[in-house]
Amino acid sequence: MPDRRLRLDARRAEPDRFLQPDVEIAWANGRFELRRQGVDVSHKLWPAEALALLLLAQEGREEPVAEALAPLGPLFSASLAHVLTRFSSYLGNGQQRIFNPSAWGERLQEARPVNRKREEAPASITWMVTLECNRRCPYCFYRILPVDDGPPGQPSDSTLGTAEALSVISEMGKIGVADLYFTGGEPLLRGDLPDLIAAASARGIRAHVVTKYAITAELASRLVGARLHDLTISLDDIREDVTRRLTGAVGYAGQALRSIEHCLAAGLDVEVNAVVTRLNADGLRELATRLAQIGVSKLSISAMQPPYFRNANVGRLETAAAVDGIIDDLKGLLGTQMAISRGGAAPADQAGSPRFAPDLVCEVGIRSLDLLPNGDVTRCHYLPHRPDLVLGSIKRASILEIWRSAGLAQFVDPPREAYLETSCDSCGGFASCNARGRCVASAILEHGRPFAPDAFCQRVA
């Protein structure tokens with residue numbers, strides 16, 4: 001176990017946290033801005049964020065900057081944590097720049113407030129690299145393309161080749177994307193995924209993967225070499241009969257445990273996620289105990305959400321078991337050995353741009369974008385087959401062009417006219433619903449159209 005931690009620390013060690021050579025902090029229109037030369041993106045900064053970045057440009061390491069900011073109060077310490085995560089793709093492999101307090105001090109005091117309701121460029125990308133999957137999970141949200149177990153390759157629906165995908169990742173790094181979530185289907189069916197992860201890591205982008213793939217020791221080693229930020233392996237139970245019913249795969253429990261052991265031995269940061277259903281609610285104690293025995297340090301427990309296309313069998317999996325009660329029980333049992341949390345969102349302490357910020361229902365178009373296997377950008381990757389949600393294609397436009405497009409704007413800040421003949425049209429909370437991000441998936445499921453009340457509606461007279 002100590003050896004694994006040492007390998008993990010070495011893998012995560014950054015050469016420096018200086019600003020990259022083509023990155024600058026500029027003063028414009030009474031505000032601080034973070035820019036990259038030759039890229040038409042300017043991230044507006046609060047004074048505390050600007051100070052943290054200026055000190056990083058001089059020190060190149062987090063520790064002395066944290067020490068310098070600590071006496072100024074928690075706001076400044078929090079700003080350091082934020083810039084280290086949100087602007088990770090602007091940091092590293094730079095040279096020291098001396099911070100001159102006399103040159104910047106007056107500006108730090110006079111800087112105007114920043115209104116950052118919407119990012120200047122996406123902070124995160126969720127990339128569904130394929131809908132192909134070698135599992136048959138009954139609670140899956142997608143109409144997958146079923147395939148058999150086999151070696152990774154080029155999935156039939158992944159029409160972006162390696163060169164195109166690497167070019168897209170290069171643009172992500174230039175415009176300041178901080179987190180890249182590879183999803184599916186089964187993302188590890190795409191054979192070049194370790195290369196895409198490595199490209200993202202080299203640009204300071206944290207890559208995240210959720211999988212049920214059989215990970216060999218060789219593949220785990222490749223993922224370590226690619227500097228995968230974190231890996232979530234889905235395992236709901238360790239009883240083979242239960243996992244067969246929940247994955248459609250014979251022997252999945254043993255296979256998943258071997259995958260976890262390979263990843264831990266290689267030094268990967270592994271989290272296990274279990275979805276609570278009627279079949280496995282009584283087996284979560286046994287699962288958690290076994291995971292703790294093999295060295296898993298993080299376990300998340302997720303409530304089962306009925307698939308958006310709800311199939312005939314999924315209702316039989318629903319359970320009255322309370323997720324919070326299960327988590328409390330597991331914490332009492334194993335809380336000193338592993339971190340146990342509720343699943344469903346990226347942890348805010350590790351993700352510079354968590355997929356669901358506390359004040360947002362959906363952040364697509366506000367902080368993030370969703371990308372499909374064929375290169376289309378969609379308003380909701382949970383509904384990949386809806387052409388009316390497609391905003392453009394990265395085969396024909398840049399990420400930044402799509403981010404600034406009228407097509408995306410109509411979803412981010414839709415006019416009331418789009419909601420005619422719905423209760424939203426006369427609602428006093430219309431603007432606040434736009435601000436928190438609307439769940440178009442639930443609107444479509446309930447009303448058959450994206451511009452309609454969603455599942456988070458809190459109608460105001």
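Colleague: How many residues has the largest nonpolar core, and which have the most contacts inside it?

Modeller: The largest nonpolar core has 116 residues. L53, W127, M172, F182, L235 and L291 have the most contacts inside it. This is a predicted model, in which local features need pLDDT of at least 70, side-chain atom pairs count only at pLDDT 80 or more, and totals for chains, interfaces and linings use all residues. Residues are numbered from 1 along each chain as its sequence is written, and side-chain values use heavy atoms, without hydrogens or water.

Colleague: What makes a set of residues a nonpolar core?

Modeller: The set must be buried Ala, Val, Leu, Ile, Met, Phe, Trp, Tyr and Cys residues, joined through side-chain atoms within 4.5 Å. Buried means under 20% relative accessible area, exposed means over 50%, and partly exposed is in between (1.4 Å probe, protein chains only).

Colleague: What is L53 in contact with, beyond its neighbours within four places in sequence?

Modeller: L53 is in contact with L19, I25, L34, L45, V83, F87 and L91. Contact means heavy atoms within 4.5 Å.

Colleague: Why is S170 called buried?

Modeller: Its relative accessibility is 19%, so S170 counts as buried. S170 is found in helix α6, residues 162–175. The C-alpha atoms of S170 and A199 are separated by 7.7 Å. Along the chain, these two residues are 29 apart.

Colleague: Is L371 buried or exposed, and how do you know?

Modeller: L371 has a relative accessible area of 4%, so it is buried. Its place is in strand β13, residues 368–371. Leaving aside neighbours within four places in sequence, L371 is in contact with I125, T126, W127, M128, D376, V377 and I394.

Colleague: How do you know that helix α7 is mostly covered?

Modeller: In α7, residues 193–202, seven of the 10 residues are buried. They are L193, P194, L196, I197, A199, A200 and S201. The buried residues of α7 pack against α6, β7 (179–183), β8 (206–211) and α8 (217–225).

Colleague: Why is α6 called roughly parallel to α7?

Modeller: The two helices pack at an angle of about 20°, with their axes 9 Å apart. Axes are lines fitted to C-alpha atoms, for helices over the stretch in contact, and angles run from 0 to 180 degrees between N-to-C directions. Under 35 degrees is roughly parallel, over 145 roughly antiparallel, 65 to 115 roughly perpendicular, and the rest oblique. That makes α6 roughly parallel to α7. The contact is made by A165, L166 and I169 of α6 and D195, L196, A199 and A200 of α7.

Colleague: Why is α3 called roughly antiparallel to α4?

Modeller: Helix α3 (residues 62–69) and helix α4 (residues 74–86) pack at an angle of about 155°. Therefore α3 and α4 are roughly antiparallel. Their axes are 8 Å apart. In the contact, E62, V65, A66 and L69 of α3 meet F76, S77, L80 and L84 of α4. By class, that gives six nonpolar, one polar and one charged residues. Here Ala, Val, Leu, Ile, Met, Phe, Trp, Tyr, Cys and Pro count as nonpolar, Asp, Glu, Lys and Arg as charged, and the others, Gly among them, as polar.

Colleague: What makes α11 oblique to α12?

Modeller: The axes of α11 (residues 284–294) and α12 (residues 323–334) cross at roughly 40° and come within 11 Å. That makes α11 oblique to α12. The contact is made by L284, R285, A288, T289 and A292 of α11 and I326, D329, L330, L333 and L334 of α12. These residues divide into seven nonpolar, one polar and two charged.

Colleague: Why does R227 count as partly exposed?

Modeller: Its relative accessibility is 29%, so R227 counts as partly exposed. R227 is found in the loop between α8 and β9 (230–234). Phi of R227 is also positive, near 65°.

Notes:
Helices (H or I, at least four residues) and strands (E, at least two) are DSSP runs, numbered from the N terminus.
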